[in-house]
Amino acid sequence: MKTALEQIKLQAISALESCHDIKELDDIRVKFLGKKGELTGILKMMGKLTAEERPAMGQLANEVRELIESSVASKLQSLKAEAMEAKLSSERIDVTMPGTKPTLGKPHPLTMVMDEIKEIFLGMGFSVESGPEVELDYYNFEALNIPKDHPARDTQDTFYINENIVLRTQTSPVQIRVMEKTEPPIRIIAPGRVYRSDAVDATHSPLFHQIEGLVVDKGVTMADLKGTLEIFVKQLYGEDAVVRFRPHHFPFTEPSAEVDVMCFSCGGKGCRLCKGEGWIEILGCGMVHPKVLQNCGIDPEVYSGFAFGLGLERVVMRRFNIDDLRLFFENDLRFLDQF
Ligand code: DAH
């Protein structure tokens, strides 16, 4: 029996030495110390020993059991520590690694230039107004001196919601809304989306942007209009930009003009960019028609004003040499990233 105990002790120790994981360790514990384990099996045979033999054997058996128990416990500890060590080293964070750069968004080129234009007019004492995109026919046309049978309606390819409601074809209706509710002096710009039933191509889109301007006060003249717009163009395109006012017709202004900027690509000689003209048209303007003032309850004998309307897409296309309007609306990041 003594040899059997020694045997068990040696087997247990060598099993523990070669044990490498916690599951295996538990199997070893059960194998030697469990109820059906080897040591228990030996202890059951104690009854067969003589009274003299029993104490010495009992003591030896206890020693072997305690040794195996404490070896299992310390092995468990060291396996746990090893596992923790392995986990820590495999999960280590290298704080010196370069991080992943988050991609930052940026303003759309239309927004960039729109903001710039707003800044220029804010700097001249204008404030920013807005109006609805779904608009009454009255504000989009009638009040602007464009009655139902007026030929100017044909050029505007209007989306009608019903007989009296349209998608606004211009930002000019904001003029009417502002004049109806405001006592002059008035000095506003009204940027926003406008809609026309045009087929999409390089220079047409059913949705585009305009910036409307309106100044109404006592004694406002054509000279104020010219001065204001000249300052605007020079701030937008640079001090050496050359501006020309060309007579035109709009139903809501009298007299009316279009403003051209000398082509920056050819300096007025005529090239592909300006289609051989030497000049590039950028906006329409004029002195507010007395009938329009009257429609808004403003006395044209007391007040006068000027107005202008600028197409944003054209200005941005010229600024960045973009030759296809569709690029603005496709939102291809390869295009947008360039600004
Ligand atoms: N609303 C005009 C258009 O869409 C642009 C315009 C011309 C606006 C002259 C004005 C103006 O305020 O005075 O073609």
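The model described here is predicted.

**Helix α8**

Residues 222-237 form α8, a helix of 16 residues. From its first C-alpha to its last it reaches 22 Å, close to the 22 Å expected at 1.5 Å a residue. At the start of the helix, a side-chain oxygen of T221 comes to within 3.1 Å of the backbone nitrogen of A223.

The buried residues in α8 are L225, T228, L229, F232, V233, L236 and Y237. Viewed down the axis of α8, the buried residues fall within an arc of 140°, so they line one face of the helix. The elements in the table are among those that cover them.

| Element covering the buried residues of α8 | Residues |
|---|---|
| α5 | 109-123 |
| β7 | 243-250 |
| β8 | 253-262 |
| β9 | 279-288 |
| β10 | 304-311 |
| α10 | 312-320 |

**The sheet**

Strands β7, β8, β9 and β10 also belong to an open sheet of 7 strands with mixed pairing, in the order β1-β5-β6-β10-β9-β8-β7. At the edges stand β1 (127-128) and β7, each with a single partner strand, so one side of each has no neighbour in the sheet. Between β8 and β9 the pairing is antiparallel, with 8 bridges. D260 lies opposite E281 of β9.

**Domains**

The domain assignment divides the protein chain into domain 1 (2-90) and domain 2 (109-336). Taken over C-alpha atoms, the centres of domain 1 and domain 2 are 94 Å apart.

Methods. Residues are numbered from 1 along each chain as its sequence is written. This is a predicted model: local features need pLDDT of at least 70, side-chain atom pairs count only at pLDDT 80 or more; totals for chains, interfaces and linings use all residues. Side-chain values use heavy atoms; hydrogens and water are left out. Helices (H or I, at least four residues) and strands (E, at least two) are DSSP runs, numbered from the N terminus. The expected span of a helix is 1.5 Å times one less than its number of residues. Buried means under 20% relative accessible area, exposed over 50%, partly exposed in between (1.4 Å probe, protein chains only). The arc is that of the directions from the helix axis to the C-beta atoms. Contact means heavy atoms within 4.5 Å. A polar contact is a pair of N or O atoms within 3.5 Å; within protein, one must be able to donate a hydrogen and the other to accept it, and residues adjacent in sequence count only if both atoms are side-chain atoms. Domain bounds come from an automatic or database domain assignment. Two strands pair if DSSP finds at least two bridges between them.
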